[in-house]
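Please read it alongside the sequence and the coordinates.

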Amino acid sequence: MEIIINQMDRVAADGFVTVVHWTVTKTQGEFTASQYGTESFTEEGTFKPFNQLTENEVKGWLNARWGAEGVAAKEAALDAQLAAMANPPVLHGLPWAA
Amino acid sequence: MAKTKISEFSATPGNNTDIDGINLAEGCAPSGINDAIRELMAQLKDFQAGTAGDSFNGPVGTTTAAAGAFTTLSASSTVSGAGFSTYLASPPAIGGTTAAAGSFTTLTTSSTVTLSGGTANGVAYLNGSKVLTTGSALTFDGTNFGIGTNTLTYTLNVAAPSARSTFTSTAGTSSVWQNHVNTGGNFYIGIENSAGTTFGTTAYASVLWSTGATPFVFATSGSEQMRLTSTGLGIGTSSPAYKLDVLSTAFTIGRFSRSGAGGSAAIDLVEGSGGYVRLACDGGTNNFSIRPAGTTTATFDSSGNLGLGVTPSAWWSSTKAMQIGAGGVIAGRTDTAARNYFASNAYLNATPAWTYIATNYATRYEQNDGQHQWYTAPSGTAGNAISFTQAMTLDATGRLLVGVTSGSYALDVGDVSGGNMFRFTRSGVEVSSFISAGLPYFGTTSNTDLVLMTNSTGRARITSGGYFKASNNGTYLGSTGTYHELTASGADADYIVNITTPVATAANCYGARVYYSGAAPNGTGNVFLSCQDNAATRATIRSNGGIANYQANNVDLSDARTKKEINPAASMWSKIGALEIVTYKYNDQTHDDVNLGVIAQQVETVEPVWVDADGFGETPEDGIPFKTVYTKDIYFAAIKALQEAMKRIEELERRLAAAGI
């Protein structure tokens with residue numbers, strides 16, 4: 001599972017990151033599943049200047065926030081999506097339309 | 001009468017002048033007041049105890065008892081009254097399952113009331129039979145409330161096979177909403193009122209309303225799918241940067257569909273002033289069209305061809321084309337990178353064959369395997385095949401071919417209609433070329449000179465009158481003179497005109513000729529050749545054949561180094577004497593003067609070598625060339641004869657002198 005940091009919201013006055021917009025993806029053959037969302041942070045945490053943050057640090061924040069259980073849940077959700085893509089449980093179409 | 005009990009008191013204060021005889025009238029003695037109060041307290045005690053005989057006319061006896069915290073009800077005698085007597089006549093069995101009927105308005109207990117039956121946490125209510133009821137259908141544990149459940153996980157828990165809730169405005173026109181509140185703000189779900197003033201929206205609008213600066217998040221399968229923020233609606237993204245921001249890992253990100261077969265579908269892009277562009281999928285064709293203000297200006301067909309102002313024709317599958325307006329075409333091939341088309345009123349149909357788009361002329365330009373090719377065609381009917389003619393080609397080597405499709409010249413003009421090959425025109429003057437009656441013509445049809453140029457200088461010209469003039473420096477004796485002219489200013493040249501016959505066969509060597517083809521001036525004027533300098537005429541060859549010059553200047557080559565077999569000449573005495581010197585006139589003589597001379601045929605009888613029979617000019621009809629005579633030989637023969645005569649004279653003079661004559 002790959003974590004992608006899409007965007008970060010920060011307080012203009014001090015640069016504290018308040019929201020991290022993330023996407024997790026997983027590819028299996030021709031199919032790619034994804035899930036996205038946000039994690040919010042308050043200024044109670046350890047502050048590091050915005051322009052000194054690295055992608056890996058922010059990913060570390062997310063993993064810490066999610067914990068092993070949360071990460072496993074996301075993996076399971078992506079696996080379920082991939083399974084549904086490979087074998088769609090519901091099909092759409094009209095028998096008389098090409 | 002002294003007032004001895006409360007029933008004797010008056011409702012009018014002024015009438016209560018005593019109590020049990022103690023004076024309370026206006027101006028009574030103050031010492032009687034304490035006795036009056038004591039008497040009043042005694043009468044009140046008697047009233048409470050019921051010993052005074054007064055009846056109680058308050059709430060007792062009505063249907064509503066005054067509120068009170070009675071713990072004991074007692075009576076000194078029988079209690080009676082309508083309804084009450086019935087109850088008393090058949091009092092309920094305390095501790096039974098059914099309480100007696102009553103009109104209780106207040107039930108007061110001095111401590112906690114505990115019911116031994118019912119459901120723990122069950123909220124008591126009167127069921128349809130007005131039986132006080134508890135159960136798991138309605139529960140409350142002091143913190144959480146349950147409807148249809150006694151699993152009280154949250155503040156309000158509702159459970160049912162089809163769980164539903166309804167909030168109804170009984171006024172009908174008022175707003176109805178639920179409010180969800182925390183420190184992030186208020187979130188309302190409801191319906192706007194009839195004036196649209198509750199949320200400031202529209203009458204009866206269905207409303208999801210958040211007062212916090214927080215997003216609406218929509219999720220399925222435990223995953224966020226859509227988010228509405230103050231910036232916009234994000235689908236597949238939690239941070240929309242636009243009013244609608246869609247992100248997807250799938251190739252097809254979105255779809256707008258129109259139901260029903262054959263119907264076109266469109267979306268509009270509207271600018272701030274209301275102008276719009278409509279993007280449409282045309283019904284039944286899979287074509288994509290762009291329609292500013294609703295009018296189609298561009299159409300992409302399902303084959304990938306583009307029409308600007310027109311629907312593209314049905315092009316050959318190996319071609320991608322852009323059609324512009326009624327007949328403009330730009331097309332490229334998909335099977336080769338080296339062939340493209342620019343055409344007017346022509347398209348390649350499925351065959352493929354070039355076909356008229358409309359009824360009109362068609363032209364075509366191709367870039368084909370390194371060549372530029374221009375084609376023309378006559379006017380034809382829409383839908384019919386076009387017969388193109390390759391009119392011009394710029395080949396891969398840079399040759400421009402006009403009227404031919406191959407050639408070996410930088411400019412190669414072939415068989416064009418009418419034989420006209422090329423023409424260049426400026427300010428009414430033109431230079432052109434054409435072929436007529438098998439003869440190539442180059443020059444100008446303008447009434448002007450035609451100039452040949454080298455090194456940026458005109459070196460020769462043919463005047464408008466047809467006179468050829470050549471000058472190395474472009475300066476002529478008379479550039480407009482009605483004569484041909486050769487002018488040279490070279491300082492190191494021995495001659496300015498050199499007529500050369502390089503052939504090796506002597507019989508084929510010829511020189512120049514001056515030919516009066518139309519007339520025979522045959523005189524001293526109209527000279528064939530005039531030799532002049534800037535001072536005088538030095539020599540002429542006259543039209544009668546005579547040579548006129550400064551006589552003393554005539555010379556013959558006589559150097560011994562140029563001669564061999566030099567021998568004294570034989571006697572010319574008899575030959576000179578045999579010559580018949582005659583007078584005569586030429587047949588075509590233009591004057592009447594008598595000429596003096598010899599006749600070749602007579603000279604030939606005297607000395608054949610003095611006559612030349614090779615001819616002079618054209619041979620007469622009898623086939624015998626004209627004969628000429630070597631006059632210089634006759635001249636020297638005459639000198640020889642004169643020398644012989646001189647000797648004879650000198651001998652005769654010697655003899656005469658010897659004879660003394």
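1. On terms: helices (H or I, at least four residues) and strands (E, at least two) are DSSP runs, numbered from the N terminus. This is a predicted model, in which local features need pLDDT of at least 70 and side-chain atom pairs count only at pLDDT 80 or more, while totals for chains, interfaces and linings use all residues. Residues are numbered from 1 along each chain as its sequence is written, chains are lettered from A and ligands numbered from 1 in the order in which they are written, and side-chain values use heavy atoms, with hydrogens and water left out.

2. On confidence: pLDDT, the predictor's confidence in each residue on a scale from 0 to 100, averages 90 over chain A, where 97% of the residues score at least 70. Within chain A, the mean is lowest for strand E3 (residues 31-40), at 91, and highest for helix H1 (residues 55-86), at 94.

3. On the make-up of chain A: it has one helix and three strands, which follow one another along the sequence in the pattern β-β-β-α. Of its 98 residues, 30% count as buried, where buried means under 20% relative accessible area, exposed means over 50%, and partly exposed lies in between (1.4 Å probe, protein chains only). Taking contact to mean heavy atoms within 4.5 Å, residues 24 or more positions apart account for 50% of the contacts in chain A that have a separation of 6 or more. The accessible surface of chain A is about 6200 Å², and 54% of that belongs to carbon and sulfur atoms; such areas come from the Shrake-Rupley method with a 1.4 Å probe, and for residues only the protein chains shown count as cover.

4. On the make-up of chain B: here there are five helices and 43 strands, and 20% of the 661 residues count as buried. Among contacts in chain B between residues at least 6 apart in sequence, 15% join residues at least 24 apart. Chain B exposes about 45900 Å², with carbon and sulfur atoms supplying 55% of it.

5. His21(A), Gln35(A) and Tyr36(A) supply 59% of the area that chain A buries against chain B, more than any other three residues.

6. On the pairs across the interface: the count between chain A and chain B is nine residue pairs in polar contact, both residues being at pLDDT 80 or more. A polar contact is a pair of N or O atoms within 3.5 Å; within protein, one must be able to donate a hydrogen and the other to accept it, and residues adjacent in sequence count only if both atoms are side-chain atoms. There are zero salt bridges between chain A and chain B, a salt bridge being a side-chain nitrogen of Lys or Arg within 4 Å of a carboxyl oxygen of Asp or Glu.

7. Apart from its neighbours within four places in sequence, Ser223(B) is in contact with Gln35(A), Gln81(A) and Phe218(B).

8. On salt bridges within the chains: the count over all chains comes to 24 salt bridges. In one of them, the side chains of Arg65(A) and Glu39(A) meet at 3.3 Å, N to O; Arg65(A) lies in helix H1 and Glu39(A) in strand E3 of chain A, so the pair ties together parts that are 26 residues apart in sequence. Arg65(A) is partly exposed, at 39% relative accessibility, whereas Glu39(A) is buried, at 14%.

9. On helix H5 (residues 631-658) of chain B: Arg654(B) forms a salt bridge with Glu651(B), with the closest N and O atoms 2.2 Å apart, and because these residues are three apart in the helix they are separated by about one helical turn. Glu651(B), partly exposed at 28% relative accessibility, also meets Arg655(B) in a salt bridge (3.1 Å, N to O). Arg655(B) counts as exposed, at 52% relative accessibility.

Terms used:
Buried area = accessible area lost by both parts, 1.4 Å probe.
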